[in-house]
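Let us walk through this fold step by step. Start with the strands, then turn to the helices.

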Amino acid sequence: MAKVNKTGPEGKATLSRRLNQTYRSKALDELARQLAFSPPDKRVQQVKRIEKLHDQIDPDKNYPLDFLFYRITNYRREGKESVVLAGEAILPDLRLMIDALSRSVRIPLNDDNEPVETVQQLASRLGVSTKTIGRWRKAGMRWRWVEPADGGKNIVVIPRKASDRYIEEHPEQVMRAARFTQIDPKTRQRIIDRARLIARRREVSLNQVASHLATKTGRGLETIRQLLMQYDREHPERAIFGDYVGPLDHKQKRTIARAYRMGVSVGKIAARYKRARSTVYRAIHQHSAGKAGRVRLDYVPSPTFERDDAQQVILSRPLEALLQHKQRSSAPTDGLPQEVRPLFNQPLIPQEQVRALFIRYNFVKFKAVRERESFDKYSPGAKQVGAFKQWVEQARELRDILVQIHLPIVLSVARRHMISETSPGPTRLMELIETGLEVLIQSVETFNPTRQQFDSFLTNRLMGRYATTPSQSKGMAHRRSEPGEALARLEAIAREAGVGIADF
């Protein structure tokens, strides 16, 4: 457990600088050591990038090390074989990196106007102890060190976004901690003895005994339940309720959901965790609903979406019909690595069909949001979660298509921009295309199809971005890309945004 200092600036409790945690990945450990030598302003930027990356990592997915390096440093490694790391192992290492880098610089308390709370403030708001916050920090709540308002030593704060997310993912744990009250040793022992006596004389459950004792002692039901469960955990050889297994925690639900996805039967999972099949199904649905809540879905609204016949009108035409067009882009691909040339040989879709694709894209995101809003908070149904996933999959497919079919515009504008440069290097075209891909992905998300044509919208944004993007080739040793390297860089940019450009 992270140690807790008694006081900090202004008498506020702070978390110790020393953590009983080590890096799981040697590569991320080494990267953290390298970043420590960056200029202070660079380290502040890196802290923010790591925080953003941390909140986007899915514990159930795997991520290439190159992808993590790019997200943290904004620099793509070359000539190194990338390994793949599990998201569950990446998260604690990212929190340690945030800890180390933010401790080494002076970040203002209200940097970027992001709401933060000291450990004491968060503990008071939730009605828990600072030691409990320390346990949550080690269990997954991210934090950072900042400069207090009085300019004293750095203190630990919890960003409001991080605490809200932890509370959302661990509602039962937070509720138990908030309800727990201190009980003196003599009263505690009397409650335990009384519970043992009742359990011996009658066939009763832990909840029934806790309810009876809560009434008799005037204590909260949850307080008595936690006291008895804690006693059984600490004294398994003398456990009062040896067969009681308690509620499933967030980690157990995640493990159950992963096992179910891998094909393990619900019956085997139920036997492993000593639960009813209905409990296992509920855990799977709750985990899926939790992941659904973290999916970012921003759409351009339209009054048409609210109509009763909106789905019939917008989705009536098959997607294949919108994509059928024999003519393909004639944009020259000379100067590009052989591996990426097929990406720019795309069908030239008429603007009216492109507009229909964008309306369709925003509508399915709208439907996904509405489906998510209908989830039962405590017991989301499989049908609701399944419908949400289907809408999200449709949105992802449409986003990939919209990005893919507009890659020729990126190539065309990049070539036009190179004409204005005095001495473009041999790798300059790929640099511009990589930057243009980022602009294209962002443009697909923000474009309003009711206002203008997308090719004009995208061209203007690309020209504006290129005008402010200096050449990265200047002063660098030029070399020809290794086979597949250019495609790998484009895929890394797309993967960061959740786009599959090579799958179309």
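**The sheet and its helices**

Three strands make up an open sheet, ordered β3-β5-β4, and their pairing is antiparallel. The edges are β3 (116-118) and β4 (144-146), each of which pairs on one side only. From one strand to the next, the twist averages 50°. Bear in mind that this is a predicted model.

Now look at one pairing. β4 and β5 (residues 155-159) run antiparallel, and three bridges join them. Within this pair, W145 stands opposite V156 in β5.

Helix α7 spans residues 160-169. α7 lies across β3 and β5. Relative to β5, α7 runs at about 60°.

Move on to a helix pair. Helix α2 covers residues 40-56, and helix α3 covers residues 65-73. The two pack with their axes 8 Å apart, at an angle of about 135°. Why does this count as oblique? Angles over 145 degrees count as roughly antiparallel and 65 to 115 as roughly perpendicular, with those under 35 roughly parallel and the rest oblique. The angle of about 135° therefore makes α2 and α3 oblique to each other.

Which residues meet here? α2 brings Q46, R49, I50, K52, L53 and Q56. α3 answers with F67, L68, Y70, R71, I72 and T73. The residues of this contact between α2 and α3 divide into six nonpolar, three polar and three charged.

Technical notes: Residues are numbered from 1 along each chain as its sequence is written. This is a predicted model: local features need pLDDT of at least 70, side-chain atom pairs count only at pLDDT 80 or more; totals for chains, interfaces and linings use all residues. Side-chain values use heavy atoms; hydrogens and water are left out. Two strands pair if DSSP finds at least two bridges between them. Helices (H or I, at least four residues) and strands (E, at least two) are DSSP runs, numbered from the N terminus. Axes are lines fitted to C-alpha atoms, for helices over the stretch in contact, and angles run from 0 to 180 degrees between N-to-C directions. Contact means heavy atoms within 4.5 Å. Ala, Val, Leu, Ile, Met, Phe, Trp, Tyr, Cys and Pro count as nonpolar, Asp, Glu, Lys and Arg as charged, and the others, Gly among them, as polar.
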